[in-house]
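Dear colleague,

I am passing on the structure that we spoke of, and I would be glad if you could look through it with the notes below beside you.

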Amino acid sequence: MDLGLTGKVVLITGGAKGIGFEIARAFLAEGCRVAVSDIDLNALAAAKKSLGELGECLTLACDVTNAEDVEMMVGVAESHFGTLDILINNAGVLKSCLVEELDESLWDFSLNVNLKSTFLCSKYGYGVMQRHGGGVIINAASFAAVIPSVGHGAYGAAKAAVINLTRTCAAEFAPSNVRVNAYVPGVVATHLTAGMRNDPTTAEKMLADIPLRRFADPSDLASVIVFLASDQASYMTGSVVEIHGGKLCVQNPHAAWSN
Ligand code: NAD
């Protein structure tokens, strides 16, 4: 299916690795012009090389928790490409810590990277889209936003707020023809979940909660995100799309596998 994305300008935060990198690959495959930003400069240099072989790709160093950085990132992308059509607020961090042991700095760090970043990038990205007649913003939430997880209090709270902010932005930006949606991944095979997936006992328990009995590949996310960004999804705004292999859609997914 031709999604009509050829030539569209896409900005992906935290795009040097993991899901963001795969999203960049998917948009390049659709013929988009892509800007990838990240705080990890080594990963960004490697991404510049490999993504550059696939199409027109600009890489930008940016800490998405810093307003000046974000304003500059959006400004450079706009002046390089002339506009901004699609913004993917993907950058995030997962730090495990029980609430009783969570100190203020770890709480602030988690809220800043996972939530404040979404506010800042949406604010500045929207400014460009508004001037150019419209656009699409897509935010990374998490399964932890829907069903909280022991040891991930700050992360879950931040991601739940991302869903809330997504809905507010969807309504506020609609008059300027800007759609805003969020996606909820389950467990995706990236650096972020490597610790949990590489422990065989933990991995077995996690897989038992997933009816499809596999962790997501980043490409499982990227294909849905590309669709959400296209006009095929033009009536979708304020939506939260779950992409999790059926994780916890029933109480006992293992029962279907034991027959
Ligand atoms: P990842 O760790 O592989 O990639 C995250 C990227 O964000 C990295 O390249 C990192 O350098 C970048 N980043 C971190 N802090 C930054 C900052 N301050 N400024 C700019 N860039 C920064 O993680 P991933 O698995 O690809 O996750 C991508 C998104 O999906 C995150 O928002 C994450 O919370 C969400 N998510 C992932 C999973 C999963 O199972 N992997 C599940 C639910 C939600």
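This is a predicted model: local features need pLDDT of at least 70, side-chain atom pairs count only at pLDDT 80 or more; totals for chains, interfaces and linings use all residues.

Residues are numbered from 1 along each chain as its sequence is written, and side-chain values use heavy atoms, with hydrogens and water left out.

A nonpolar core here is a set of buried Ala, Val, Leu, Ile, Met, Phe, Trp, Tyr and Cys residues joined through side-chain atoms within 4.5 Å; buried stands for under 20% relative accessible area, exposed for over 50%, and partly exposed for what lies in between, with a 1.4 Å probe and protein chains only.

If residues up to four places away in sequence are not counted, Ile 88 touches Val 10, Leu 11, Ile 12, Thr 13, Ile 23, Phe 27, Ile 138, Tyr 183 and Ile 225, a contact being heavy atoms within 4.5 Å. Thr 13, whose place is in strand 1, is buried with a relative accessible area of 1%, and its side chain reaches the backbone nitrogen of Ala 91 at 3.0 Å. With the exclusion of residues up to four places away in sequence, the residues that Thr 13 touches include Ser 37, Met 73, Ile 88 and Cys 121.

Helix 9 has 12 residues and reaches 17 Å from its first C-alpha to its last, close to the 16 Å expected at 1.5 Å a residue; the expected span is 1.5 Å times one less than the number of residues. Its buried residues are Pro 218, Leu 221, Ala 222, Ile 225, Val 226, Leu 228 and Ala 229. Seen down the helix axis, the buried residues of helix 9 fall within an arc of 155°, so they line one face of the helix, the arc being that of the directions from the axis to the C-beta atoms. They pack against helix 1, strand 4, strand 5, strand 6 (178-185) and strand 7. Leu 228, with a relative accessible area of 1%, touches Val 136, Ile 138, Arg 179, Ala 233, Met 236 and Val 241, not counting residues up to four places away in sequence.

In helix 2, the end C-alpha atoms are 16 Å apart, which agrees with the 16 Å that its 12 residues should span at 1.5 Å a residue. Ala 43, Leu 44, Ala 47 and Leu 51 are buried there, and, seen down the axis of helix 2, they fall within an arc of 100°, so they line one face. These buried residues pack against helix 1, strand 2 and strand 3, whereas the face turned away from the buried side carries the exposed residues Leu 41, Asn 42 and Lys 49. At the start of helix 2, a side-chain oxygen of Asp 40 reaches to within 3.2 Å of the backbone nitrogen of Asn 42.

Turning to the ligand, 29 residues are around it, of which Asp 38, Asn 90, Tyr 155, Val 188 and Thr 190 come nearest; a residue counts as near if one of its heavy atoms lies within 4 Å. A backbone N or O atom of Ile 19 lies 2.8 Å from an oxygen atom of the ligand, and a polar side-chain atom of Asp 63 lies 3.0 Å from a ligand nitrogen atom.

The side chain of Asp 63 is also joined to that of Thr 65 by a polar contact of 2.8 Å; a polar contact is a pair of N or O atoms within 3.5 Å, where within protein one must be able to donate a hydrogen and the other to accept it, and residues adjacent in sequence count only if both atoms are side-chain atoms. Thr 65 is found in the loop between strand 3 (57-61) and helix 3 and is buried, with a relative accessible area of 18%.

Definitions and conventions:
Helices (H or I, at least four residues) and strands (E, at least two) are DSSP runs, numbered from the N terminus.
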